[in-house]
Amino acid sequence: MESAAGAGPAGAPGGPASKEDKEGSKCRSRRRWRKVKAKASRLIHNMDLRTMTQSLVTLAEDNMAFFSSQGPGETARRLSAVFAGVREQALGLEPALSSLLGVAHLFDLDAETPANGYRSLVHTARCCLAHLLHKSRYVASNRRSIFFRTSHNLAELEAYLAALTQLRALAYYAQRLLATSRPGGLFFEGDEDLTTDFLREYVTLHKGCFYGRCLGFQFTPAIRPFLQTISIGLVSFGEHYKRNETGLGVTASSLFTSGRFAIDPELRGAEFERIIQNLDIHFWKAFWNITEIEVLSSLANMASATVRVSRLLSLPPEAFEMPLTADPKLTVTISPPSAHTGPGPVLVRLISYDLRDGQDSEELSSLVKSEGPRSLELRPRPQQAPRSPSLVVHIHGGGFVAQTSKSHEPYLKTWAQELGIPILSIDYSLAPEAPFPRALEECFYAYCWAIKHCALLGSTGERICLAGDSAGGNLCFTVSLRAAAYGVRVPDGIMAAYPATMLQSTASPSRLLSLMDPLLPLSVLSKCVSAYAGGETEDHSDSDQKALGVMGLVRRDTALLLRDLRLGASSWLNSFLELSRNKSHPNSVPKAEPIRRSVSEAALAQPEDPRGTDPLKDLKLHDLSLRGSSETSGTPELSLSAETLGPSTPSDVNFLFRPEDTPEGVEVQDELSTEDRGQGIGASFPEGFHPRRSSQGPTRMPLHSSPIAKNPFMSPLLAPDSMLQNLPPVHIVACALDPILDDSVMFARRLRSLGKPVTLRVVEDLPHGFLSLASLCRETRQATALCVERIRQVLTPPGTAAEV
């Protein structure tokens, strides 16, 4: 009966039941595949380093032997070569990682907080090994199938082999740091000549392999699509910036153009590397301020919590008196900020989930600065809530050069809802137009004003917490140090998320991760620090752009959004149509290039007019033996040496350089001298090992590192013990894969050694800046909730249990 029923119309092929069954089968298949992949990932994660390496080597040898037996074709040769390279690099990397892992515990804050740059580097290398192990298993299981995607798997294997090669170089650099730093110290403290050689060698490493197919491999999978979107937007933005099609005003439109970067990850990686090495701080300032566009900020606020109060206030530059903590009968004058540009108002944003007493007062309303329709978010309730006993003073991040409280408003609204207290976020002036100490002066002035006028903000001021992320975390520490120096009230506690505490020229194992971090590359860190220190003052914009300012340019470009959406869609369509036309003319492919290089050499050779096709898109394994060496005799063999991507080209970055080492604005020669190589860190590489070198040309940057970076109000890690003793309880939330992780670890260790109350919580697998990604995935929400929990601990009076 069941068979007969199944043969009826409802069960007939193409009928409704059949389609549902097919869809259900597909869903079940996808679920099974995800479960199998998750189980495999857990097994790999639980492997020790040696077992993982041995398993990878065994699979690599098996695949190498298989493809070596498939005939003389180039594809088979390249597959065999890539597995030989995986075997070589894995065997060379494992001893270096084991030696680092054996001593990494010596640099932890405590046994409950196993985190530092050495551990992070080992973890990142394990992630790369794990991906290669998973891919090698897949190849071994499917290499005989006619559905085996040769082109895709070959390109991915070559990309991860390049990444593994660079990670091996980083492991050797970390060993050098370990040998030259003082016991327990994470920051490089060798002599200046050794420091110069070390860093000159380091900055020549190729980085593009980490920004293509391997982009974000070290982070949680939910983050990777976001990073890919950002990278496509960045390279499109950078291309328009370079060509000066619309100047800085392409901040909205460029995200929708240049479709070729979306379909060619290797080309995107090469362009990403060029951008991070060569474009100036004004480019990064404009790109990071994309979130300030009214359209994008409105969309972000639509997805955030709804609050009763969100008002931008302008604090007048008027001096006022503050009582001294030691003797409240005595006062000290708090002068308005005046560095560089003279006295001026300070902008702050008041955010409150409830309308509280004082927040609708005439005195506060007189300070409101109009933002257009957004300033109407103040919606009075029939009954006001009483003043809160607590207040959070927030200082945003952005590398000291970009963003405002508007960029951080979405998660601040969530904080206001969950904590039930007012939040005052400070919009300090940004470098390079307002370098140090202008931002510190403004933040300190706003902090003191908030204490004195807390009743207007809807708080009694019984408990005050300073909170900030990245550069804002740095300012939280320095504002507290300044408050202690003035003798006024310091906050009851500090919550700093991934703060920068060391801005002096130096290196550390976590800084090595900047080679692969798409959000904090080394040269970008350098430009931000140089701008904040006052060394990046040149303005390359024209007079019209200067008159508009960055935010004016951003607003101007919003008007072009609809036009560029149309143009962008046309660009994407043309890109795909061009590919289709090329595929219809296979004879246009030169015989000397039957396969596109893993680094898109054909596209890079003619970036303005790429031609040719990729015959491997439809190539199956049974075709391997049909491609003889006679077809490919003119094709150079894939190499892992420095020659693969051109000559060594050191980059003049000043984040890690000493000021006297290289004159300002001078381009470093294309290759290091033999003497330099003999004395530098390269001498510690094993014989025969050659990491890839950058082919993007020298980087022109201001190469002076101001002595002011040693100022404890700029680098709080360098503050003397007598100053750090005055800090309140500190709660740090850091990222294990953050290039500035060691700043948090060493700062917490300094405070712990002084007997100061400090906590350090390190979240796994998330990038720097996760607070701005709070709604992206479960992991970022959990990390954000941890920050809220730390703030709640600060605001809970002693002797009472904090809510969790």
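These legends describe close-up views of a predicted model.

Local features need pLDDT of at least 70, side-chain atom pairs count only at pLDDT 80 or more, and totals for chains, interfaces and linings use all residues. Residues are numbered from 1 along each chain as its sequence is written, and side-chain values use heavy atoms, with hydrogens and water left out.

**View 1. Helix 5 against helix 6.**
Helix 5 covers residues 117-142 and helix 6 covers residues 150-180. Helices (H or I, at least four residues) and strands (E, at least two) are DSSP runs, numbered from the N terminus. The two helix axes come within 10 Å and cross at roughly 155°. That makes helix 5 roughly antiparallel to helix 6. Helix 5 passes helix 6 in a left-handed crossing. By class, their contact has 18 nonpolar, 4 polar and 2 charged residues. Axes are lines fitted to C-alpha atoms, for helices over the stretch in contact, and angles run from 0 to 180 degrees between N-to-C directions. Angles under 35 degrees count as roughly parallel, over 145 as roughly antiparallel, 65 to 115 as roughly perpendicular and the rest as oblique. Left-handed means that the near helix is turned anticlockwise from the far one by less than a right angle; clockwise is right-handed. Ala, Val, Leu, Ile, Met, Phe, Trp, Tyr, Cys and Pro count as nonpolar, Asp, Glu, Lys and Arg as charged, and the others, Gly among them, as polar.

Glu442 and Arg438 meet through their side chains in a salt bridge, 2.8 Å from N to O. The term requires a side-chain nitrogen of Lys or Arg within 4 Å of a carboxyl oxygen of Asp or Glu. Both residues belong to helix 15 (residues 438-452) and sit 4 residues apart, about one turn of the helix. Glu442 and Arg438 are both buried. Buried means under 20% relative accessible area, exposed over 50%, partly exposed in between (1.4 Å probe, protein chains only).

The closest N and O atoms of Arg511 and Asp743 are 2.5 Å apart, in a salt bridge. Arg511 lies in the loop between strand 8 (493-497) and helix 17 (522-532), and Asp743 in helix 23 (residues 741-753), so the pair ties together parts that are 232 residues apart in sequence. Arg511 and Asp743 are buried.

**View 2. Arg778 with Glu779.**
In this salt bridge the closest N and O atoms are 3.3 Å apart. Arg778 counts as partly exposed because its relative accessibility is 48%. Glu779, at 21%, also counts as partly exposed. Elsewhere, shared partners join the salt bridges of Arg463, Arg489 and Asp492 into one network. The whole structure holds 20 salt bridges.

**View 3. Strand 4 and its sheet.**
In strand 4 (residues 346-352), 6 of the 7 residues are buried, so it is largely enclosed by the rest of the structure. Strand 1 (residues 309-315) pairs with strand 4 in the antiparallel sense over 7 bridges. Two strands pair if DSSP finds at least two bridges between them. Val348 in strand 4 stands opposite Leu313. Strand 6 (residues 423-427) also runs antiparallel to strand 4, joined by 5 bridges. There, Ile426 is the bridge partner of Val348, and Ser425 is that of Arg349. The open sheet has 8 strands in the order 1-4-6-5-7-8-9-10, with mixed pairing. Strand 1 and strand 10 (758-763) are the edge strands, each pairing on one side only. Neighbouring strands are turned by 20° against each other on average, direction ignored.
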